[in-house]
Amino acid sequence: MTIQKKVAWLFFALTSGGIILFSAAVFYFEHQFNFEDFYKRLEARVNIAADVYQTKDLDSAGAVKDMRQRFLERLPSESQYIIKPADRLTHKFDAIPENFLDNILADGKSRYKTNNTFYAGKVVRLTEGDLIFVVSAKDPYGLKELDNLEKILIVGFVVLLVLVYIIGTRFSFHTFKPVRNIIKKVNTITANNLHLRLDGSDGNDEIAELTRTFNDMLNRLETAFETQNNFVSNASHELRTPLSIIKGEAELALKHVSPDDTVNKQALSEILKGAKSLQDMITSLLGLAQTGFDGKKQNWEPIRADELVWDIKKAADHIVAANNITVDLSELPEDVDTITLLGNVHLLKLAISNIVLNACKYSDNKAVIIKLFTEKGRVVISVKDQGIGIPEEDIQHIFEPFFRASNTGKFDGHGVGLPLALNIIRLHKGTIAIISKVNMGADIRIALPAYHPKR
């Protein structure tokens with residue numbers, strides 16, 4: 001999940017949580033206010049009932065009753081009770097909960113609710129004895145108000161969730177727009193245009209700081225690439241020329257040395273052999289350095305994989321005449337477009353030739369099979385030999401420059417061929433996989449994306 005989506009969901013979650021808490025608080029306080037108001041109305045009626053009972057003047061009592069009827073509406077299912085505490089021992093009051101009466105006697109007054117029936121009562125101290133005054137009623141309107149409020153809060157919550165989601169996604173989209181612009185710009189920068197820089201580094205925010213960091217990195221990369229380019233450009237001439245002179249002089253000296261002068265002849269042969277080995281190593285190192293770039297795509301072209309395999313076989317026949325290479329095209333698809341590659345034919349030929357020649361060398365020219373087939377939209381070239389194989393613990397290091405497997409001591413090599421091949425294959429957006437067992441050979445598979453030109 002992208003950071004933009006994470007921010008949007010975090011905003012959505014936090015805001016939704018806030019809305020839930022706010023809605024719960026509104027409902028709770030309305031619930032408490034509604035019940036409190038109704039209890040107060042009941043208690044007012046309890047007080048009026050007690051006052052009427054205590055009024056000895058009949059005219060005053062009648063006036064109080066008249067005032068109650070005029071200014072206090074009768075509540076739904078309203079009932080009034082006057083109970084002597086002693087009567088609780090001989091009478092059972094089904095309409096009034098027992099524990100409610102106990103609470104009134106214990107505290108002097110109490111409130112109680114069961115289902116939708118509310119009770120309020122208190123003890124009045126009189127000269128002739130204590131009396132319990134109780135008023136009960138139902139509150140259907142209060143419950144209806146709470147039900148309506150609950151529906152409004154639920155509908156409002158759903159609507160707000162939709163709004164919060166829309167606002168959150170738009171908010172995160174616009175917030176990360178500068179980051180997307182940076183990513184888009186960075187993706188256009190390659191070894192060919194390292195001089196390009198990101199815009200918008202003049203501000204003081206984090207995006208400006210990120211832009212400046214990228215630009216500083218690009219400055220360092222450009223310097224490093226220019227240094228490497230200069231080395232690759234000059235090393236060929238600066239290194240190969242002295243080696244050519246050494247080789248030429250050694251070959252000339254060998255022609256003029258006396259056949260009986262075995263000491264000088266052996267020394268010159270070793271010099272010539274070392275010069276050739278050094279020349280091969282320099283050529284491989286230069287190739288390895290050159291494939292570190294991705295700026296050579298102007299030389300790329302469509303390549304038929306079957307033609308490439310035959311060219312590699314032909315080149316191997318010239319280098320190792322005693323080879324036992326077989327090309328297997330039995331699984332070749334009928335549509336030749338599915339085995340077309342896009343790349344540099346010379347680099348691909350160099351990479352796969354290194355693998356094929358290694359297979360011949362490390363198998364003492366036993367059978368080597370080059371098989372071509374397609375798999376999941378990719379062109380696969382398999383090079384399978386019957387040689388010494390690669391120890392399991394060495395496979396993870398086999399593509400490291402100058403690394404050689406522990407069982408290759410009797411074979412000449414520099415440990416550069418496979419790293420060079422890997423760089424070239426990666427340059428062509430391909431992969432290399434190795435299946436190997438010691439003394440049973442190795443199967444190296446190169447998978448490259450098929451090229452489908454737009455029609």
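Colleague: Let us take buried as under 20% relative accessible area, exposed as over 50% and partly exposed as in between (1.4 Å probe, protein chains only). Is Glu331 buried or partly exposed?

Modeller: This is a predicted model, where local features need pLDDT of at least 70, side-chain atom pairs 80 or more, and totals for chains, interfaces and linings use all residues. Numbering starts from 1 along each chain, and side-chain values use heavy atoms, without hydrogens and water. Glu331 has a relative accessible area of 45%, so this residue is partly exposed.

Colleague: And which residue does Glu331 pair with?

Modeller: Its partner is Lys371, in a salt bridge (a Lys or Arg side-chain nitrogen within 4 Å of an Asp or Glu carboxyl oxygen) whose closest N and O atoms are 2.7 Å apart. Glu331 sits in the loop between strand E6 (324-328) and strand E7 (340-343), while Lys371 belongs to strand E8 (residues 367-375), so distant parts of the chain, 40 residues apart, are linked. Helices (H or I, at least four residues) and strands (E, at least two) are DSSP runs numbered from the N terminus. Lys371 is also partly exposed, because its relative accessible area is 22%.

Colleague: How many salt bridges are there in the structure?

Modeller: The model contains nine. One of them joins the side chains of Glu43 and Arg111, with 2.8 Å from N to O. Because Glu43 lies in helix H1 and Arg111 in strand E2 (residues 109-114), that pair ties together parts 68 residues apart in sequence.

Colleague: Turning to Arg45, what is its salt-bridge partner?

Modeller: Arg45 pairs with Glu78, the closest N and O atoms being 3.6 Å apart. This pair also links distant parts of the chain, 33 residues apart: Arg45 is in helix H1, and Glu78 is in the loop between helix H2 (58-71) and strand E1 (79-83).

Colleague: Is Arg45 buried or exposed, and what about Glu78?

Modeller: Arg45 counts as buried, because its relative accessibility is 2%. Glu78 has a relative accessible area of 6%, so Glu78 is buried as well.

Colleague: One more on helix H1: what are its limits, and how accessible is Trp9?

Modeller: Helix H1 covers residues 3-54 and includes Trp9. Trp9 counts as partly exposed, because its relative accessibility is 44%.
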